[in-house]
Structures are given as C-alpha cells and as structure tokens.
Amino acid sequence: MGVIASDIPGSSITTAYQNYQQDRATRKFLVEDHSRADALASVTSTLSTPAHPDNDGLLANQITCQYIGGNRWIVTVQYERGPQGAFPTQSNDLYNLRVSYESVEVYCTPEKIVNGLPYGGDGTDFVNPGGPAGQSTDPEDKPQPWIYHSPVLNIQIPFSQTTNPITGFISNVGKISRLAIFNITCRFDGGEVKAVRPSAVGVTRYYGVDNYTYKQAGFYKQVIRWDTEDGEESGRWKAVNIIQNGYVDGA
C-alpha cells in the first residue's frame, strides 16, 4: 500500500514570463490505500519538503484526493508562489520600496546641510535662538528645536520560515546595521508576522515582512551643547550632529 506512481500524466509546471509570482505547478500521484485519509498520508509522507522538486520556489498549497475505484486514488498536489499561494517566497527579487520622510528634531537654520541635517553657521545659527537678543550666549537660555522633514527610503522584505521571528524583532528593532540585499546601512524598524499551521504536511510556518529605513547621509541626531572652546567668557550654545551606530536613541 502507498504511492504506486509519481508525476503521472496530468502533472505540469507553468512559468509566467511577466511575473514570476504567477508560476504554478501540479503533481499527480497514483496511490493504493484503504481510505482517503491513508492515501493523503501516503502522499504527504512522500513529500519530504513542501517545495516542488523542479522549482524550490513553488510550495505545496493544496492537496486533492479523488477515488477511482478499488483501493486506488489520484492525489493531486497544487504548488504556488507568492502571497496568493501558501506562503510568500523569500527572494532577492521580491521587495517593496517607498520614498517618504521622517520628522527629526533639529536646531540649526537650513542654509547648509551636514550629515543630512540643517547645520547653519557650522552649528551656531539657530532657527529659534536663545538669549540674549538671539545671540545664544546665555547658558540658562537654550535655543529651541524645530521639526525638519528628512527624506528616507522605506524598504519591506518578505520572509517565510519555520522559526518564530518575534524574539529577533524585539531584540533588533531600532538597530542600525548592514542590509545585505542592497549592501546599504539601514535601521530595522520591526516586522509583521502571521503564523500558519499546515493541515497535512510540515510544521507551523511564519511569514510576513521585515521593515527597514535607509537614509542616504546616515543616521544622525542633532543636539546642542554649551561650548567654551574659546574660553568661558565667550561660551555659547552650539549644535552637534551625533552618529547613531547602534540604537536610534543611542549616541
């Protein structure tokens, strides 16, 4: 009892030239077993992996069992790719990009841009200066910030895996690191995940997207400091751009 023949006539594979997510495949198996449940179990045990043997980007999505008489059954396995299939397929060719901006708190006038942030007067020209009379030379009267819209590239990359990614999301969110797919430095902004437990074969699979942000000039924040480089009597407030190498809120 079990699978008598694999990939019998009626099996096929379809390649979509315009959109690879529309690739499809069908595999048919001739099975001899006492019941429909046994026939399904024989085929699912034969499938050592959900992936199609000729295209590992196609994953088994549906299994149909048809009785043909005696103890024999035709079991059909449908393979699909992409979100419309069982799970999204992880690929260097599949991602979403969106150009937008994020609000950044800064102090300087925008007459010059340094590290992707306004830096007028080399850090001494402020939009909202402190006193006296806007000179920003009073240690008790700080310049006040304003909101700058910094251009960014938002990146979404799909994943499909059998390990729960939530712990990784929590420990890595906000970290700045190299994104291999584009070989650029990005900030990890978290992810979205769904879990599906297949009814016939395999283990629980987690799929969704990782979210990243890229800034062309790098990730900097602007702070102000009391500067006495020219002597205590000549002290004044000065803005400094600080690179963020680890977490977004780290200096």
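Guide: Happy to. Let's begin with charge: the protein has 20 positive and 26 negative charges, and their mean positions are 10 Å apart. Lys and Arg count as positive, Asp and Glu as negative, while His and the chain ends are not counted. Each charge is placed at NZ of Lys, CZ of Arg, CG of Asp or CD of Glu. Before we go on, this is a predicted model, where local features need pLDDT of at least 70, side-chain atom pairs count only at pLDDT 80 or more, and totals for chains, interfaces and linings use all residues. Residues are numbered from 1 along each chain as its sequence is written, and side-chain values use heavy atoms, with hydrogens and water left out.

Visitor: What makes the protein more spread out than a compact globule?

Guide: First, the parts: there are two helices and 15 strands (DSSP runs numbered from the N terminus, H or I of at least four residues for helices, E of at least two for strands). The radius of gyration is 29 Å, well over the 18 Å that the globule rule gives for 251 residues, so the protein is more spread out than a compact globule. That radius is taken over C-alpha atoms, and the rule is 2.2 Å times the number of residues to the power 0.38. Along the principal axes, the C-alpha atoms fill a box of roughly 100 × 35 × 20 Å.

Visitor: Why is the pair of W146 and Y148 called edge-to-face?

Guide: Rings of Phe, Tyr and Trp (its six-membered ring) pair if their centres lie within 6.5 Å; planes under 30 degrees apart are stacked, over 60 edge-to-face, and the rest tilted. By this rule there are seven aromatic pairs. In W146 and Y148 the ring centres are 6.1 Å apart and the planes stand at 75°, so the pair is edge-to-face. W226 and W237 also form an edge-to-face pair, with 5.4 Å centre to centre and 70° between the planes.

Visitor: What does the pair of W226 and W237 tie together?

Guide: W226 sits in strand 14 (residues 220-227) and W237 in strand 15 (residues 236-243), so the pair ties together parts eleven residues apart in sequence.

Visitor: Are W226 and W237 buried, partly exposed or exposed?

Guide: Buried means under 20% relative accessible area, exposed over 50%, and partly exposed in between (1.4 Å probe, protein chains only). W226 has 26%, so it counts as partly exposed. W237 has 6%, so W237 counts as buried. Y148 is buried too, at 17%. Of the 251 residues in the protein, 38% count as buried.

Visitor: Which residues do ring pairs link into a cluster?

Guide: F159, F169, F188 and Y212. Y212 is in strand 13 (residues 205-214) and, at 17% relative accessibility, counts as buried. Leaving aside neighbours within four places in sequence, Y212 is in contact (heavy atoms within 4.5 Å) with residues including L153, I157, C186 and F188.

Visitor: How do you know that Y101 touches H149?

Guide: The contact list for Y101, not counting residues up to four places away in sequence, is H149, S150, P151 and V152. Y101 lies in strand 7 (residues 96-106). The C-alpha atoms of Y101 and H149 are separated by 5.7 Å, though the two are 48 residues apart along the chain.

Visitor: Which residues are buried in helix 1?

Guide: In helix 1 (residues 36-46), A39, S42, V43 and T44 are buried. Among the elements covering them are strand 1 (2-6) and strand 5 (55-69).
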